Amino acid sequence: MTDILQLLVYGLVLGSVLTMGAIGVSMIFGILRFAHFAHGDFMTLGAYLGLAFISAFHLSAWWALPAAMVGMAVIAVFIDQVLYRRLRRTQPVILLIASFGMALILRSLVQLIWGSDNQTYATGIQFPWRLDWLGGIRLKPDHLWIMLISLGLVIAVHLFLTRSRLGKAMRAMSDNMDLALVSGIPAERVIMVTWVIGGALAAAAGVFLGIDTRLHPVMGWTALLPVFAATILGGIGRPYGAIAGGMIIGVSMEMSTLLIPAAYKPAVAFAIMVGMLILRPQGIFKGTL
Amino acid sequence: MTNLLDAREIYGGYGGVDILQGTNLRVAPDEIVVIIGPNGAGKSTAMKAVFGLLRIRAGEVRYKGEAITNAKPEQMVRRGIAYVPQEKNVFPSLTVRENLEMGAYLMKGDLSKRLDKVYTLFPKLAERRRQQAGLMSGGERQMVAMGRALMIDPELLMLDEPTAGLSPLLIDETFERIKEINAQGIGVLMVEQNAKQALAIADRGYVLATGRNRHEDTGPNLLADPEVAEMFLGG
Amino acid sequence: MELSGIASYLVSFLTFAGVYAVLALGLNMQWGFTGQFNIGIAGFFAVGAYTSAILTTPSSPAYLGGFGMPFLVGLAGAVIAATIIGVIIGLITARLRTDYLAIASIGIAEMIRLFIKNEDWLSNGVRGIAGIPRPLEGTPLDTPLGYLLVVAVFVVAVYFLVERAYASPWGRVLRAIRENEPATAAAGKDIANFRLQAFVLGSAIMGLGGGLYAHFFGFLSPEAFMPLYGTFIVWVMLIAGGSGNNRGAILGAVVVWGVWSVTELLTDLLPAEHATQGAALRVLLIGVLLQVILVTRPEGILPEKPPRLIADRRRKR
């Protein structure tokens with residue numbers, strides 16, 4: 001029983017990371033109609049930007065988070081303006097190819113700048129709390145922070161989407177692009193904000209991954225498949241579905257280690273995704289197919 | 001006096017093929033103008049071209065004397081022109097209120113006055129303001145769509161087949177609303193399949209065929225014209 | 001470098017370009033003809049390569065195999081295995097929009113790589129399979145030039161197969177689906193079925209490419225089927241050469257493999273401690289090359305030319 005509860009906690013931590021990635025993928029799909037294959041490498045680059053920032057200013061590990069989020073938001077907008085924007089008038093699938101190429105470009109940049117070895121944020125050795133009231137499971141402070149900050153970011157995104165004019169415009173554009181244009185909603189500005197949010201959340205996911213384990217040039221690429229699985233599970237183009245999708249995928253991946261070798265964790269995400277594609281391709285929350 | 005809208009000899013269409021072959025359209029302030037014509041005549045195309053959604057290859061569009069040919073839709077909205085497409089004219093996952101807010105996206109200042117004005121015209125929207133537009137009936141969605149367009153306090157309202165797919169009762173109601181809107185001093189340019197009823201409330205009408213003006217006259221005169229009657233009014 | 005050195009380099013260069021040309025032709029079947037976005041090429045490539053290797057190598061205690069079958073049987077096995085995988089993925093995704101195919105296909109490719117890496121009994125895991133027999137072993141043609149000849153024969157054969165398919169009524173339906181799906185469906189064509197057929201045929205060709213690779217390289221490990229080498233470079237080849245154009249696919253394979261090889265020669269000049277940096281730099285260059293092509297010449301070096309017999313070439317919008 002303790003094992004299961006412990007894995008549940010790990011699953012929720014992983015789910016938080018995946019959710020941060022999946023919200024961005026879902027939003028970008030909703031607005032720009034393409035699956036953003038560079039999102040995993042956005043996570044990687046974000047994590048390394050955070051590392052660069054804290055080592056340059058000798059700060060503690062958590063300072064990596066805000067630095068990475070700001071840096072990645074800027075880079076995401078820059079990549080969109082330089083590359084994706086020029087391809088917007090063609091079919092969305094060309095954007096998909098371009099993003100696949102961008103994924104490799106970013107990864108090789110990370111390798112060029114920071115090398116291919118594992119690195120860490122050096123949080124020091126943490127003593128996990130033992131929660132006797134919860135069957136004696138162990139909880140690391142870092143894990144608690146990852147979950148709490150993710151929750152905070154999700155709430156912030158929710159408030160932005162439902163309360164702010166720009167957030168509502170983003171949902172409107174995702175609903176009906178032509179009508180948004182006719183209503184005078186400035187598409188380019190909404191797209192820019194989409195990249196700011198998508199980039200910042202991807203960076204958060206990357207920093208969380210780095211704090212939980214280590215930094216490596218393919219860390220984000222490895223996470224991309226589970227992130228896509230979470231996105232599809234929640235209904236592609238539906239940021240709220242991404243939260244449920246992220247948690248389900250995260251928990252299933254961790255729980256699966258009770259039954260199968262841990263090396264096959266990504267396969268679990270993939271299997272759930274394929275099952276979903278067969279049974280209910282629009283996702284739990286009926287995405288914009 | 002200056003026309004509100006004046007489109008002269010416009011040519012344009014999709015992918016290098018001109019659907020509009022020198023179309024002329026004119027709307028005076030306070031007028032209701034109806035465009036009728038057979039399928040494929042270019043009625044909707046003309047509306048889209050005027051509103052900047054399609055490229056005009058030749059010709060000129062003026063709004064209150066100012067050239068607006070090929071201006072972006074955003075510019076049209078800023079000038080006070082509102083357009084309601086025929087299909088998919090609401091944001092389905094947004095609530096009624098949010099749909100209306102999106103109509104006024106470019107407008108500064110107090111939203112509530114604009115909302116009140118729309119709610120007065122369509123009291124049902126006030127009741128349903130929290131409902132998702134996608135879950136509403138066709139007639140209600142049409143109200144949301146018109147309400148969204150009216151949020152900018154337009155001087156010219158362009159409607160593409162506002163009664164398409166509605167029941168006869170709702171068609172009557174829609175034309176009543178259009179008359180009310182026009183009575184507030186808003187010029188209306190609309191494409192309609194229900195030619196008889198539309199011409200009955202129209203000040204003037206155009207008959208379009210193969211992208212050209214075929215007839216142009218007052219509503220009553222077009223209704224009385226035997227050729228027009230035979231072609232479009234079901235004999 | 002001596003003249004003979006240059007010549008032998010050229011022969012091995014062309015041999016590998018030929019293997020990649022087969023992969024690019026397979027991708028053209030899927031993307032160029034039908035607009036299906038398969039980015040799991042590495043998966044089909046790997047399945048073909050490993051199947052052929054297991055069927056033809058002498059027995060080894062380390063992994064499944066030891067069937068010692070002839071080269072052609074290995075290749076047939078490669079094609080069949082890739083076909084089966086193609087049918088499975090195709091059935092799942094044929095009804096869905098192409099983004100799902102993209103995600104599902106890269107998923108299956110990663111799963112296959114994961115499986116090969118972790119199941120030692122089957123594939124010897126990360127240690128890989130060595131000593132895969134050459135195609136013409138025991139004949140006087142067992143020379144590099146001989147291998148090149150074999151690859152050339154396969155490239156030409158696949159080219160004619162794909163070219164015939166393109167010009168056939170069947171190929172016409174595929175293009176119609178790509179250009180205007182609703183109209184083709186309205187004309188009574190079973191879109192999902194046509195798509196599935198093209199996808200499976202493309203997968204089979206990729207499996208063949210994998211089989212050829214195994215026999216010419218002689219050694220297989222999961223590293224060779226990373227998304228970069230297995231998938232991305234093939235995409236760049238097809239897009240650079242001209243999607244939809246089979247000659248373009250072959251030309252693209254030669255040109256891009258050329259660029260890739262030249263950058264290898266250049267980065268080899270770097271001191272050894274910068275070797276990983278050099279590899280990253282090469283990937284960066286190929287990535288940038290793709291983006292430049294997409295932005296400046298998306299139709300590729302040899303744009304698609306549909307056969308003349310189709311009178312109706314109007315396009316909506």
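Student: How many helices and strands does chain A have?

Tutor: Chain A has eleven helices and two strands. Helices (H or I, at least four residues) and strands (E, at least two) are DSSP runs, numbered from the N terminus. The model is predicted: local features need pLDDT of at least 70, side-chain atom pairs count only at pLDDT 80 or more, and totals for chains, interfaces and linings use all residues. Residues are numbered from 1 along each chain as its sequence is written, and chains are lettered from A in the order in which they are written.

Student: In what order do the elements of chain A run?

Tutor: From the N terminus on, the order is α-α-α-α-β-β-α-α-α-α-α-α-α.

Student: Why is chain A called as compact as a globular protein of its length?

Tutor: The radius of gyration is taken over C-alpha atoms, and the globule rule is 2.2 Å times the number of residues to the power 0.38. For 289 residues the rule gives 19 Å, and chain A has a radius of gyration of 19 Å, close to that value, so chain A is as compact as a globular protein of that length.

Student: What percentage of chain A is buried?

Tutor: A residue is buried if 20 or more other C-beta atoms lie within 10 Å of its own, exposed if 12 or fewer, and partly exposed in between, with C-beta atoms placed from the backbone. By that count, buried residues are 56% of the 289 in chain A.

Student: What makes E2 and E5 of chain B edge strands?

Tutor: Two strands pair if DSSP finds at least two bridges between them. Four strands of chain B form an open, antiparallel sheet in the order E2-E1-E4-E5. Strand E2 (17-27) and strand E5 (66-67) each have a single partner strand, so one side of each is left without a neighbour in the sheet.

Student: Which residues is Ala24(C) in contact with, leaving aside its neighbours within four places in sequence?

Tutor: Two residues are in contact if their C-beta atoms, placed from the backbone, lie within 7 Å. For Ala24(C) the partners include Val234(C), Leu238(C), Ala249(C) and Ala253(C).

Student: How many residues does the contact between chains C and A take from each?

Tutor: Chain C gives 34 residues and chain A gives 35 residues. On the chain C side, H12(C) supplies the largest share, twelve residues.
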